[in-house]
Each structure stands twice: as structure tokens, then as C-alpha cells.
Amino acid sequence: YDPAFFILFEDHDLSYRLRARGLRLRRVPQAAVLHREGTAGLSFRPGAPAYPPRRAYLHARNRTYLVLKNYGWPALLASLPGRVLYGLVYATFALRRGAGGAWLRGRLDLLRLLPAALRHRREMRRSRRVGDRALLGADDLSISPVVARTPFEARAEKAFNVTLRGLWRATRWIVP
């Protein structure tokens, strides 16, 4: 695991790097992990007064860090419209839940990680055996069921998933 992540996207980063090196991963959909209480300051539970600011910070920073350190330039460019849209939607989500400042701090802290991301990118290029096209997809977002949504937000989430899938289909041919 890359310790820069701490939590959020660290497992995605590891699996992406392993698959890019040609290793096959197995998943067991029937497996379940039960968390007793979660991590203070990061987990959110039904009825919680606010979305945890630390979670918004790490999400805003780590998602883009993962992309910068792992995707090749064609995938970075081709996925830009979808990533910008996703970023705007998540920023709005964080703002509506009182974590806009934490989101902004996470985006700014990404600048500190940029040299490491570029170093990891060079290492990835040397060890890569599988291209981004074979690794990337456009599954629906996995939003925790405990995050309360207004009816508008639920409809917007569905439309957002359809839009992201369409953007991916439109740009997939660019990615080697």
C-alpha cells in the first residue's frame, strides 16, 4: 500500500497497480466485512450531524492522486471530462454537507503529492503489462446507503451514472 493515502482509495490504488502489472485478482461477491463502529472522524452513520470533514478532505485528495500516479497520458486526457464532472458533483456534495472547506484543503494538498505521483507514474510505465483500456470501466458509483439523499439527489445520482457511462464509451477508443 502507498502510505500517502492513509485511507480511501488505497485498496483501489493497490489493485490497479497489480492488475496493470498483469496480475489477476479474484473477488468474492458473497464475502462481507462487518465494521463494528467505523473510524472516528472518517466514518459516517445514519443520523450523524454532518459528513466527516476529514473524509471529504481525503476523498478530494486521494481520488485524483490515484489517477495521476496510475493512468497513462491518453487515459488522463480521455477521462478528463468525466473526472471534471465527478469533481464538481463531489464538491457540491461536500458543500451541501458542510465539508466544503475540507474538500478544498484536500484539493490543495494534492499539490504536495504531485512529485510523488509523477515518480510513481514513471515506475508504473516501466512495469506496466496491461493498458488502461483493459483496466478502466464505468460502473455506477458506490455511494454508501447511509448517506441521506433527497429525491432530487437520488434522480441526479442516476443521471450522473448514465452520463459517466456515456462519456466513457465516447472516449474509450482513445485509451490504448
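Leu 25 touches Ser 15, Leu 18 and Arg 19, leaving aside residues up to four places away in sequence; contact here means heavy atoms within 4.5 Å. This is a predicted model, in which local features need pLDDT of at least 70, side-chain atom pairs count only at pLDDT 80 or more, and totals for chains, interfaces and linings use all residues. Residues are numbered from 1 along each chain as its sequence is written, and side-chain values use heavy atoms, with hydrogens and water left out.

Leu 25 sits in the loop between α1 (10-20) and α2 (53-70). Helices are DSSP runs of H or I with at least four residues, numbered from the N terminus. Ser 15, one of the contacts of Leu 25, is ten residues from Leu 25 in sequence, and the two C-alpha atoms are 7.6 Å apart. Leu 25 is partly exposed, because its relative accessible area is 42%; buried means under 20%, exposed over 50%, and partly exposed in between (1.4 Å probe, protein chains only).

In the segment before α1 are Leu 8 and Phe 9. Leu 8 has a phi near 75°, a positive value in a residue other than glycine. Phe 9, also not glycine, has a positive phi near 80°. Leu 8 has a relative accessible area of 15% and is therefore buried. Phe 9 has 19% relative accessibility, so it too counts as buried.

The surface carries a nonpolar patch formed by Leu 80, Val 84 and Leu 88, with about 270 Å² of accessible area together. Areas come from the Shrake-Rupley method with a 1.4 Å probe, and for residues only the protein chains shown count as cover. Patches are made of residues with over 30% relative accessible area and no salt bridge; nonpolar side chains (Val, Leu, Ile, Met, Phe, Trp, Tyr) are joined within 5 Å, like charges within 9 Å. A salt bridge is a side-chain nitrogen of Lys or Arg within 4 Å of a carboxyl oxygen of Asp or Glu. Leu 88 belongs to helix α4 (residues 80-96), and it is exposed because its relative accessible area is 54%.

Arg 119, Arg 122, Arg 125 and Arg 126 form a positive surface patch. Lys and Arg count as positive and Asp and Glu as negative, with His and the chain ends not counted; the charge of Arg is placed at CZ. Arg 122 is found in helix α5 (residues 100-127). At a relative accessible area of 39%, Arg 122 is partly exposed.

Definitions and conventions: Helices (H or I, at least four residues) and strands (E, at least two) are DSSP runs, numbered from the N terminus.
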